[in-house]
Amino acid sequence: MSADPVSTGPLWAAMYHSITDPADDPYRVTVSPARLDRQLHWLRRRGLTGVGMDRLLAARARGRAAGLVGLTFDDGYADFLTGAVPVLRRHGFTATVYVLPGRLGGSNEWDSPGPRKPLLTEDGIREAAAAGMEIGSHGLRHSDLTQADDTLLREETRGSREALRALTGVEVTGFCYPYGSVDERAVAAVRDAGYRYAAGISPGPLTGLFALPRVHIGQEDTGPRLLLKRALHHRRREPVPYGPYEPYGPGARYEQYGPRTRASAPVTVPEGGAG
């Protein structure tokens, strides 16, 4: 029997955004709950389990990632609670939702002139966490970090992490780059802010624990398309160093941990190789 490519090759992480009616979707970021249900059923039939990125990376560090797929939801749309969480729980899956603490209860103004979509409130984020979902940061206000000055860069990385720690009382492990835009300066800021990992889309030569690639999943992705995307991901992505990975652990209180320094989480940037 051949080895599972999820355990031997680059980790497979799926990138979703909004889970609701996709009728008005010029940016192709919306998947219906029914389609999500069929996609997760496709994973489950193949013996795969969807989990949040912190759990996936921790399992990989222990050599136990076989059969696990990372499920991520960017932007922190309010429909994550109504459209995604019930479907995830029905399949026994968890996921990571990357939220914007600087836009609590606001809308996706960065997508102008597209349709306005409401974002999670403070109570919504706490509800998602109580449902077993990992809460990660997507920055404060969905700013492109590669265009940010030093002050804004600190606010979007360290500031958003501190805001989410205060909101949830739980350590915030992961960051997701808005628009998938990442450069060496953004990677350093995220690492120095104390995150344990960061998710991108196609980070190229920066690929590593602080710039993880993901696969966009859309409304048109049926079983055959998912199979093709999974196969192409493992052919196109070189394995990257995922460790050492030191997750804070589920439910950890942030008071238990001191500041994390650059030396505690080295970044390896391999040769070769945009959320």
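Which residues in α5 meet L164, L167 and T168 in α6? They are E122, I125 and R126. Keep in mind that this is a predicted model.

**Who pairs with β5**

- Strand β1 (residues 13–16) runs parallel to β5, and four bridges join the two. If you want a spot to look at, find A14, which sits opposite L71 of β5.
- Strand β4 (residues 49–51) also pairs with β5 in the parallel sense, here over three bridges. V51 has G70 of β5 as its bridge partner.
- Strand β6 (residues 96–99) is another parallel partner of β5, with two bridges between them. On this side, T72 is opposite T96 of β6.

**Crossovers on either side of β5**

- Going into β5, the chain forms a right-handed β-α-β unit made of β4, helix α3 (residues 53–61) and β5.
- Going out of β5, there is another right-handed β-α-β unit, built from β5, helix α4 (residues 79–90) and β6.

**How the helices pack**

- Two packed helices are described by the angle between their axes and the distance between the axes.
- Helix α5 (residues 122–130) packs on α6 at an angle of about 75°, with the axes 10 Å apart. That angle makes α5 roughly perpendicular to α6.
- The contact between α5 and α6 is the one from the opening question: E122, I125 and R126 on the α5 side, and L164, L167 and T168 on the α6 side.
- Helix α6 (residues 150–168) also packs with helix α7 (residues 184–192), where the axes come within 9 Å and cross at roughly 50°. These two helices are therefore oblique to each other, and α6 passes α7 in a right-handed crossing.
- At the contact between α6 and α7, the α6 residues are D150, L153, T157 and R158. They meet R185, A189, V190 and D192 in α7.

- Check the peptide bond from S112 to P113: the bond is cis, with omega near 10°. P113 belongs to the loop between β6 and α5.
- D75 isn't a glycine, yet its phi is positive at about 85°. You'll find D75 in the loop between β5 and α4. Is D75 buried or exposed? D75 has a relative accessible area of 4%, so this residue counts as buried.
- H142 is another non-glycine with a positive phi, in this case about 70°. H142 is located in the loop between β7 (134–137) and α6. With a relative accessible area of 5%, H142 is buried too.

Key: Residues are numbered from 1 along each chain as its sequence is written. This is a predicted model: local features need pLDDT of at least 70, side-chain atom pairs count only at pLDDT 80 or more; totals for chains, interfaces and linings use all residues. Side-chain values use heavy atoms; hydrogens and water are left out. Two strands pair if DSSP finds at least two bridges between them. A crossover is right-handed if, with the strands pointing away from the viewer, the path from the first strand over the helix to the second runs clockwise. Axes are lines fitted to C-alpha atoms, for helices over the stretch in contact, and angles run from 0 to 180 degrees between N-to-C directions. Angles under 35 degrees count as roughly parallel, over 145 as roughly antiparallel, 65 to 115 as roughly perpendicular and the rest as oblique. A crossing is left-handed if the near helix is turned anticlockwise from the far one by less than a right angle, and right-handed if clockwise. Contact means heavy atoms within 4.5 Å. Buried means under 20% relative accessible area, exposed over 50%, partly exposed in between (1.4 Å probe, protein chains only).
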